[in-house]
Amino acid sequence: MCFLAGISKGSTPQLFSLCLCLLLLARLSCADIGTASQYTDPYLPTACHGSNEAQFQSSELFGSAGEAIWDNGEACGRLYSVQCISASDPNTCIPDQIIHVRIVDRSLTSVSRPSREDAALVLSTTAFGIIANSSATFITIQFIRA
Ligand SMILES: *[C@@H]1O[C@H](CO)[C@@H](O)[C@H](O)[C@H]1NC(C)=O
């Protein structure tokens with residue numbers, strides 16, 4: 001919005017604010033776009049913490065990392081903000097829901113298999129169901145490290 005205001009006015013002071021807006025837009029676009037699928041119980045053992053039940057902190061949402069973000073195990077414990085932005089079936093995304101998920105596993109080796117193997121992020125059924133219709137196999141997400 002500020003971008004359009006800068007263009008329509010067009011004088012030099014506005015050019016400065018236009019540049020500022022472009023910088024802000026560039027920052028916002030640091031979020032990645034990718035695919036999320038889901039996986040179900042059993043979640044243990046995981047590639048990050050084995051069979052330790054304490055890795056699922058109460059009220060915390062979790063998921064497993066696709067190869068794109070697994071980062072040779074560095075992904076373990078990272079938090080991601082995730083939002084559903086589109087899906088093949090209309091009305092699959094639940095609007096305005098943003099969740100934070102902690103990475104506890106690697107989807108390549110997780111005990112229960114993801115509903116889609118090549119997803120960037122595989123969400124627990126609870127996490128998936130907060131941002132999308134849980135009957136979906138996969139969705140397109142915007143995600144960023146929190
Ligand atoms: C979820 O998707 C299924 C299959 O497309 C559909 O039958 C169901 O009505 C949807 N549920 C909601 C709450 O939209």
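Trainee: Why does Ser107 count as buried?

Mentor: The model is a predicted one, and the answer rests on a computed accessibility. Ser107 has 3% relative accessibility, and buried means under 20%; Ser107 therefore counts as buried.

Trainee: Where does Ser107 lie, and which residues does Ser107 touch?

Mentor: Ser107 is placed in the loop between strand 4 (98-106) and strand 5. Leaving aside residues up to four places away in sequence, Ser107 touches Ser64, Ala65, Gly66, Arg113, Pro114 and Val122. A contact here requires heavy atoms within 4.5 Å.

Trainee: What makes strand 1 and strand 5 a pair, and in which sense do they pair?

Mentor: Pairing requires at least two bridges between the strands. Strand 1 (residues 32-39) and strand 5 (residues 121-124) have four bridges and pair in the parallel sense. In strand 5, Leu123 stands opposite Gln38.

Trainee: How many bridges join strand 2 to strand 5, and do these strands run parallel or antiparallel?

Mentor: Strand 2 (residues 61-65) is joined to strand 5 by three bridges, and the two run antiparallel. The requirement is at least two bridges, so strand 2 and strand 5 also qualify as a pair. Ala65 stands opposite Leu121 of strand 5; Ala65 is also one of the residues that Ser107 touches.

Trainee: What makes Cys48 and Cys76 a disulfide?

Mentor: The sulfur atoms of Cys48 and Cys76 are 2.0 Å apart, and the cut-off is within 2.5 Å, so the pair is called a disulfide. In general terms, such a link is a covalent bond between the sulfur atoms of two cysteines.

Trainee: Why is the disulfide of Cys48 and Cys76 called left-handed?

Mentor: The torsion about its S-S bond is about -85°, so the disulfide is left-handed. This pair links distant parts of the chain, 28 residues apart: Cys48 is in the loop between strand 1 and strand 2, and Cys76 is in the loop between helix 3 (67-70) and strand 3 (79-86).

Trainee: Why does Cys48 count as buried, and why does Cys76 count as partly exposed?

Mentor: Cys48 has 19% relative accessibility; the limit for buried is under 20%, so Cys48 counts as buried. Cys76 has 25% relative accessibility, a value between that limit and the one for exposed, which is over 50%. Cys76 therefore counts as partly exposed.

Trainee: How many disulfides does a search of the whole structure find?

Mentor: The search finds two disulfides. Besides the link between Cys48 and Cys76, there is one between Cys84 and Cys93, with sulfur atoms 2.0 Å apart. The link of Cys84 and Cys93 is left-handed, with -65° about the S-S bond, and both of these cysteines are buried. With bonded cysteines counted along the chain, the pattern is 1-2, 3-4.

Trainee: What sets the peptide bond from Asp41 to Pro42 apart, and what is its omega?

Mentor: That bond is cis, with omega near 5°. Another cis bond joins Leu44 and Pro45, where omega is about -5°. Most peptide bonds are trans. Pro42 lies in the loop between strand 1 and strand 2, and Pro45 is found in the loop between strand 1 and strand 2.

Trainee: Why does Asp96 count as exposed?

Mentor: Asp96 has 70% relative accessibility, and the threshold is over 50%; Asp96 therefore counts as exposed. Asp96 is placed in the loop between strand 3 and strand 4, and its phi is positive, near 65°.

Trainee: How many helices and strands does the protein have, and what share of its residues is buried?

Mentor: The protein has four helices and six strands, running α-α-β-β-α-β-β-β-α-β from the N terminus on. Of its 146 residues, 36% are buried.

Notes
Residues are numbered from 1 along each chain as its sequence is written. This is a predicted model: local features need pLDDT of at least 70, side-chain atom pairs count only at pLDDT 80 or more; totals for chains, interfaces and linings use all residues. Side-chain values use heavy atoms; hydrogens and water are left out. Buried means under 20% relative accessible area, exposed over 50%, partly exposed in between (1.4 Å probe, protein chains only).
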